[in-house]
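Please read them with the structure open beside the text.

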Amino acid sequence: MKALSIVRPSGGRIASGEKTLEVRRWHPDLDPTEDLLIVENERFLHADGDEDEDGIAVAIVRVNAVRPFILADMQAACASYFEDGWLAWELSDVRPIKHPVTIRAARGIYEVDFLHPGRR
């Protein structure tokens with residue numbers, strides 16, 4: 001399954017439905033019907049190859065659209081500042097993981113072995 005690591009507390013905010021936009025500088029290579037595992041970790045992974053073995057799988061989502069991030073998106077993104085040039089990933093079909101498990105966090109979108117009973 002494809003996964004995306006997100007620094008705490010944003011992963012939990014996605015799982016709870018509070019955060020409905022993820023903001024990145026790059027476009028994900030995902031189909032709108034493809035599941036994406038959200039892995040929450042404690043630190044930013046800045047360089048290619050950076051990993052954190054203590055990530056927590058918190059939700060499965062879909063990215064149904066990617067568009068420019070605009071000032072009006074601040075609340076939906078739980079963002080603390082705005083900058084032009086970023087992309088807003090619209091998250092949908094959020095399925096929180098009721099019993100979070102420890103899983104590897106890595107930079108970018110990456111593959112993990114994860115089977116969840118609610119997976120479609």
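1. Two strands are taken to pair if DSSP finds at least two bridges between them, while helices (H or I, at least four residues) and strands (E, at least two) are DSSP runs, numbered from the N terminus. In that sense β3 and strand β4 (residues 51-68) are paired antiparallel, with 5 bridges between them, and within this pairing isoleucine 38 has alanine 59 of β4 as its bridge partner.

2. The model is a predicted one, in which local features need pLDDT of at least 70 and side-chain atom pairs count only at pLDDT 80 or more, whereas totals for chains, interfaces and linings use all residues. Residues are numbered from 1 along each chain as its sequence is written, and side-chain values use heavy atoms, with hydrogens and water left out.

3. The pairing of β2 with strand β5 (residues 87-106) is antiparallel and spans 4 bridges, and here leucine 21 is set opposite glutamate 90 in β5.

4. Strand β3 (residues 36-41) deserves attention, since 6 of its 6 residues are buried and the strand is therefore largely enclosed by the rest of the structure; buried means under 20% relative accessible area, exposed over 50%, and partly exposed in between (1.4 Å probe, protein chains only). Both of its faces are covered, with Leu36, Ile38 and Glu40 buried on one side and Leu37, Val39 and Asn41 buried on the other.

5. Leucine 36 is buried at 0% relative accessibility and, not counting residues up to four places away in sequence, touches among others Lys2, Leu4, Leu30, Ile60 and Ile109. Asparagine 41 is buried at a relative accessible area of 2%, and its contacts, leaving aside neighbours within four places in sequence, include Ser5, Arg8, Asp52 and Ala105.

6. The peptide bond joining arginine 8 and proline 9 is cis, with omega about 10°, and proline 9 is placed in the loop between β1 and α1. Phi is positive, near 50°, in cysteine 78, which belongs to the loop between β4 and β5 and is partly exposed at 22% relative accessible area. Aspartate 93 likewise has a positive phi near 50°; this residue lies in strand β5 and is partly exposed at 26%.

7. Which residues lie nearest the centre of the largest pocket? They are Glu22, Val23, Arg24, Phe44 and Trp86, from a lining of 29 residues, and the elements that give two or more residues to this lining are β1 (2-7), α1 (10-16) and β2 (21-24). A pocket is here an open set of points on a 1 Å grid over the protein atoms alone, where a 1.4 Å probe fits, with protein on both sides within 12 Å along at least five of seven lines, and lining residues have an atom within 4 Å of a point.

Definitions and conventions:
Contact means heavy atoms within 4.5 Å.
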